[in-house]
Amino acid sequence: MKVLAILYNGFKAAKAEPRLLGTVENELGLRAYLESQGHEYIVTSSKEGPDSDFQKHIADTDILITTPFHPGYLTKELMAKAKNLKVCVTAGVGSDHVDLNAAVERKIQVLEVSGSNVVSVAEQVMMSILLLVRNFVPAHEQAVSGNWQVSDIARNAFDLEGKVVGTLGAGRIGHRVLQRLVPFNTKELLYFDYKGLPKEAEQAVGARRVEDLKEFVSQCDVVTVNAPLHEGTKGLINKDLLQHFKPGAWLVNTARGAICNADDVAAAVKSGQLRGYAGDVWNQQPAPADHPWRSMRNPLGGGNGMTPHYSGTTLDAQTRYAEGTKQILQNYFEGKPQDPGNVIVGVGKIESASYGQR
Ligand code: NAP
């Protein structure tokens, strides 16, 4: 079979660090295995436009491997050209870069390595909340630039203790974020999700479910977004919803950039309506140099905690999603059942509730 992987370039770093498995250079550690089984393995980072390797090879690829970090966007149109395609594997979590409805129609399975990087992201959420609330970035900038003006930083620095923190989406990541927030003695923990957490889990973290989204955001000092991108969440955090946030709230989004309207969020940070926004996911990846989230600042010079998309690709996470990808391939080749938690689209059917109602 022909297996095509779209990964990001690691250049020198990937040559020096073999644990950077999610790179073109290190090929998810799959080449020896795939070739020993007689399969052809093509790995590339070239993914945009008709002359890209992605578009050239997709025509006769049987299995496509992609990652959310350097997403190969498998549109309906591209899928129509992919005559042999049977399986798409996401090395990581989040398969919104694949047109899931088209995959159902064409009976292409979509599998991901569920859970592989949920701890990595939950830790990043904690870091992002703290760096916004404590106004860390401008303080660090003073340290490296030779400045020392404590009042300029402290005038917008707060404690997390005593604040109301809410997660939009309380699945694997959202629940882990709530668990990690418990020792911070927040005033209250809230969550907004289609369904409630299991009673025991809800009690263990002491979180309260709010069923109306506007009510939910209006009560939070900090909102963290931990829901997948789908028709029901695309552009969900826009100008209209932002008006219901507490004035000066902080927003953290490590889920998917397109859940937020980029211009509306940047405007809210610039006006101070949001005290800050942090995250690692962008509506276009790699993000263009002039993306508004790169340069936005609040009126006091802070409030920007953006990074490139890396929270779910720590070296620990890469080991887990590379192993998980191999397991999925092995199951497929050997005709064994897949772990049900990894199946987003089965043959002709959406299997995961998380990607919205269809
Ligand atoms: P998960 O276990 O499937 O949890 C997602 C939760 O969001 C589910 O409880 C789901 O509810 C809920 N949800 C779906 N639509 C919602 C909506 N409109 N409003 C409120 N809640 C909604 O997924 P996860 O492992 O926690 O991951 C969540 C997302 O994080 C992924 O889809 C991915 O986009 C992102 N992620 C980012 C990185 C990174 O590196 N930055 C890494 C991993 C994952 P139901 O199950 O009831 O539908």
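User: In this predicted model, is E202 buried or exposed?

Analyst: E202 sits in helix α10, which covers residues 199-205, and lies three residues from K199, a separation of about one helical turn. Buried is the term for a relative accessible area under 20%, and E202 has a relative accessible area of 15%, so E202 is buried.

User: Which residue forms a salt bridge with E202, and how far apart are the closest N and O atoms?

Analyst: Side chains of opposite charge can pair when their charged atoms come close. The partner of E202 is K199, which counts as exposed at 55% relative accessibility. Between E202 and K199, the closest N and O atoms are 3.0 Å apart.

User: Which element gives the most residues to the lining of the largest cavity?

Analyst: The search of the whole structure finds one cavity of 30 Å³ or more, and the largest cavity holds about 40 Å³ of space. Two or more lining residues come from each of α6 (118-133), α7 (136-145) and β12 (304-306). The lining divides into five nonpolar, four polar and no charged residues. With three residues, the element that gives the most is α7.

Notes. Residues are numbered from 1 along each chain as its sequence is written. This is a predicted model: local features need pLDDT of at least 70, side-chain atom pairs count only at pLDDT 80 or more; totals for chains, interfaces and linings use all residues. Side-chain values use heavy atoms; hydrogens and water are left out. On a 1 Å grid over the protein atoms alone, a cavity is a set of points where a 1.4 Å probe fits but cannot get out, and a pocket is an open set with protein on both sides within 12 Å along at least five of seven lines; lining residues have an atom within 4 Å of a point. Grid points are joined across faces, edges and corners, and a volume is the space filled by probe spheres set on the points. Helices (H or I, at least four residues) and strands (E, at least two) are DSSP runs, numbered from the N terminus. Ala, Val, Leu, Ile, Met, Phe, Trp, Tyr, Cys and Pro count as nonpolar, Asp, Glu, Lys and Arg as charged, and the others, Gly among them, as polar. A salt bridge is a side-chain nitrogen of Lys or Arg within 4 Å of a carboxyl oxygen of Asp or Glu. Buried means under 20% relative accessible area, exposed over 50%, partly exposed in between (1.4 Å probe, protein chains only).
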